[in-house]
Amino acid sequence: MKKNLLIAGLVCLAAAGCQKSADTPTAEMDAFISDLMGRMTLDEKLGQLNLVAGGDITTGDAINSPIGAAVAEGKLGGTFNIKGAQKIYELQRLAVDSTRLGIPLLIGMDVIHGYETVFPIPLGLSCSWDMEAVERSAQIAAKESAAAGINWTFSPMVDISRDPRWGRMSEGAGEDPHLGSEIARAMVRGYQGYLSSPDNILACVKHFALYGAPDAGRDYNTVDMSRNRMYNEYFAPYKAAVDEGAATVMTSFNTVDGIPATANKWLVTDVLRDQWGFDGMVVTDYGSIAEMAPHGVAGLADASAMALNAGTDMDMCSFGFISTLKENLDNGKVSQKTIDEAVRRILECKYKLGLFDNPYKYSDTLREAREIYTPEHRAEARRIAAETFVLLKNEGNVLPLAKKGRVAVVGPMADNALNMPGTWSVAAAPAKYKSVRQGIADALGADGSVLYAKGANFYSDKAMEDGISPNGSTRDPRSDAELLAEARRVAAQADVIVAAVGEAAEMSGESASRTDLTLPANQRALLEAMLATGKPVVMLNFSGRPTVMVWEAANVPAILNVWSPGSEGADAIADVIFGDVNPSGKLSATMPANVGQVPIYYNHLNTGRPEDPANPNFQRYRSNYIDSTNEPLYPFGYGLSYTDFDYSNLRLDSESMNADGTINATVTVKNTGSRPGTEVVQFYIRDLFASVARPVKELKHFERVSLEPGQSADVTFAITPDALKFYNADLDFVAEPGDFVVMAGPDSRRLLEKQFKLL
Ligand code: NOJ
């Protein structure tokens with residue numbers, strides 16, 4: 001099925017920019033799809049609803065594979081995680097030439113933070129608080145994916161999480177609804193741009209919904225939450241992505257109100273489609289229709305009917321729609337109309353991508369050779385990675401290091417290009433990437449030298465390390481003692497020590513929950529040994545989640561959190577530790593003082609018995625702990641710079657506003673240090689009394705401001721009633737008259753404040 005290419009091209013040119021991702025279906029599209037569907041058999045329709053993993057054809061022969069056979073028989077609407085434009089071309093050709101109606105395939109991939117040019121993991125990206133950078137990273141990811149044949153990414157993941165035991169915090173934007181929403185929007189813009197452009201692909205917002213709040217931080221576990229909390233705290237980023245025009249949404253594995261999200265009609269139809277106006281396609285997560293059996297809700301046939309009736313369109317890997325919907329139609333559990341609506345939404349995605357005009361739009365091997373991992377993309381990834389690092393501590397200005405002398409680089413991440421990209425780097429090419437050791441050596445050039453010793457594996461226990469090494473182990477077979485002894489010998493010859501420690505890529509991500517968030521004991525022993533030399537020690541903490549670093553914060557002079565920094569991470573690290581780039585990252589998730597505080601988040605309710613801020617010690621009958629402070633180690637929004645910023649004179653241009661008014665809150669920020677730097681200025685709001693309890697503060701506005709030494713800037717937040725709105729007990733989105741506090745500062749803890757009134 002091929003539309004007239006020429007006419008479509010002319011229309012596209014005339015429209016100057018073609019069809020924007022957020023565009024609603026056109027009459028032309030409706031007519032085209034109605035005509036096509038009028039000619040489809042039930043089997044052909046059910047085939048469109050079926051999405052299957054690329055499996056063995058990722059590395060093998062596309063045509064002569066089970067997927068190839070399914071495509072030729074018209075039993076697939078799409079497939080995913082296949083690498084290579086040639087293979088995808090062959091599959092697309094099968095779909096076009098060997099099936100009766102020649103409907104092209106959706107080709108998905110988990111391009112979560114870049115294709116071959118890998119950006120920092122999304123949690124890292126969110127710490128840049130730089131929407132231009134986030135959007136650019138998604139744009140480049142889309143461009144490279146498109147060049148490799150992909151037309152659909154399973155990203156952005158916008159699940160808010162307050163629980164760093166959950167490994168998938170790495171894939172999201174942290175704990176905050178406002179920051180998370182801005183990032184969701186930026187990523188959708190970056191991926192989708194103008195969908196008819198060959199450089200853009202479909203985004204898929206996931207995991208709808210609430211996947212980031214599993215009980216006990218254990219992946220795939222139960223979620224149970226009040227509607228108040230859903231609407232006020234967890235829904236915002238999904239809605240923002242939908243508002244931005246995201247074409248597809250993926251349901252989550254968990255239950256919502258006891259019903260698996262995939263079959264939850266209230267969630268998928270009432271909230272997503274009716275309340276938010278989403279008119280795109282909903283795909284399940286992997287096998288989640290089949291998982292309704294172990295959930296104890298329904299076997300495959302009933303689960304399939306429930307999922308379809310809930311508003312889900314495409315079945316990822318359960319084979320439920322394709323194998324049971326005929327029988328469900330016969331026995332009246334689903335209607336032809338519901339099946340047709342799902343088919344239509346999938347065909348609309350293909351239409352919007354332009355696949356009916358040119359099914360091979362994304363299958364161009366020349367383009368694949370030309371547009372992937374280009375110097376331009378790599379430079380962007382390096383620049384952006386450096387913005388994501390969070391300087392947690394810098395006692396005695398150990399950092400930046402002088403670009404000379406003998407630098408000992410130790411730790412399991414010191415010489416480990418394989419683990420630089422981080423989790424969900426499906427198309428990474430680690431053989432092309434640098435390790436920290438190499439990045440530092442390149443930066444030093446002839447002015448210095450690098451000494452290397454591994455010093456420690458990720459875990460002392462081999463079985464544990466094997467469990468987190470699915471992409472190949474980088475384990476050193478020597479004993480802990482031997483590794484340490486070598487590191488001591490190397491450090492003895494050095495002027496300064498850089499310890500690259502923390503998590504391997506797969507210690508976070510899917511199915512990587514942890515109950516202990518501290519550095520594994522053998523890695524701590526390495527730090528202790530390095531500190532015992534008396535030489536300056538810089539800790540590079542690699543992690544896919546906030547970790548617990550109380551001991552390190554007390555003992556190591558300089559700590560830079562570098563997350564999983566991506567393909568260009570090594571150069572970016574060198575840029576920051578040698579001071580070519582001044583760090584500006586700020587935490588997008590609270591760093592707890594101990595795992596017992598989890599879930600921990602800055603925008604909590606006050607409770608009726610809050611901790612007395614003047615008395616940090618345990619007080620009975622208050623909401624606190626006998627054996628721990630409530631305070632995190634590092635709060636949301638926190639991050640240092642090589643220069644200092646002073647905040648002063650928070651002022652309002654009015655102390656009250658009407659329901660249609662605005663108050664400008666302005667704060668003066670000055671660079672009082674001796675280097676140019678960029679500060680993320682943050683504004684928070686508190687509603688002092690409301691019909692439902694409101695958080696002690698909520699981020700509402702932020703700006704990145706670059707200042708020369710001695711320079712100051714006034715930063716203004718225009719407060720409108722929208723910034724004061726929340727969902728009340730009836731789930732209406734309202735701003736209630738009364739007293740509010742606006743706060744401004746460098747993080748969620750150190751804030752200036754002023755009070756005002758909404759009349
Ligand atoms: C399961 C994951 O939860 C989801 O995020 C991913 O997109 C799919 N698998 C496909 O790989």
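Which residues lie nearest the centre of the largest pocket? Of the 32 residues that line the largest pocket, His604, Glu611, Asn630, Glu631 and Val696 lie nearest its centre.

This is a predicted model, in which local features need pLDDT of at least 70 and side-chain atom pairs count only at pLDDT 80 or more, while totals for chains, interfaces and linings use all residues. Residues are numbered from 1 along each chain as its sequence is written, and side-chain values use heavy atoms, with hydrogens and water left out.

A pocket here is an open set of points on a 1 Å grid over the protein atoms alone, where a 1.4 Å probe fits and protein lies on both sides within 12 Å along at least five of seven lines; lining residues have an atom within 4 Å of a point. A volume is the space filled by probe spheres set on the points, which are joined across faces, edges and corners. In the classes below, Ala, Val, Leu, Ile, Met, Phe, Trp, Tyr, Cys and Pro are nonpolar, Asp, Glu, Lys and Arg are charged, and the others, Gly among them, are polar.

| Pocket | Volume | Lining classes |
|---|---|---|
| Largest pocket | about 980 Å³ | 15 nonpolar, 10 polar, seven charged residues |
| Second largest pocket | about 760 Å³ | 14 nonpolar, five polar, 10 charged residues |

The second largest pocket is lined by 29 residues, with His178, Ser181, Ala236, Lys700 and Phe733 nearest its centre.

Val598 sits in the loop between helix H22 (569-577) and strand S17 (645-652). Val598 counts as buried because its relative accessibility is 9%, buried meaning under 20% relative accessible area, exposed over 50% and partly exposed in between, with a 1.4 Å probe and protein chains only. Not counting residues up to four places away in sequence, Val598 touches Arg162, Asp163, Pro164, Arg165 and Pro592, contact meaning heavy atoms within 4.5 Å.

Notes
Helix = DSSP H or I, 4+ residues; strand = E, 2+ residues; numbered from the N terminus.
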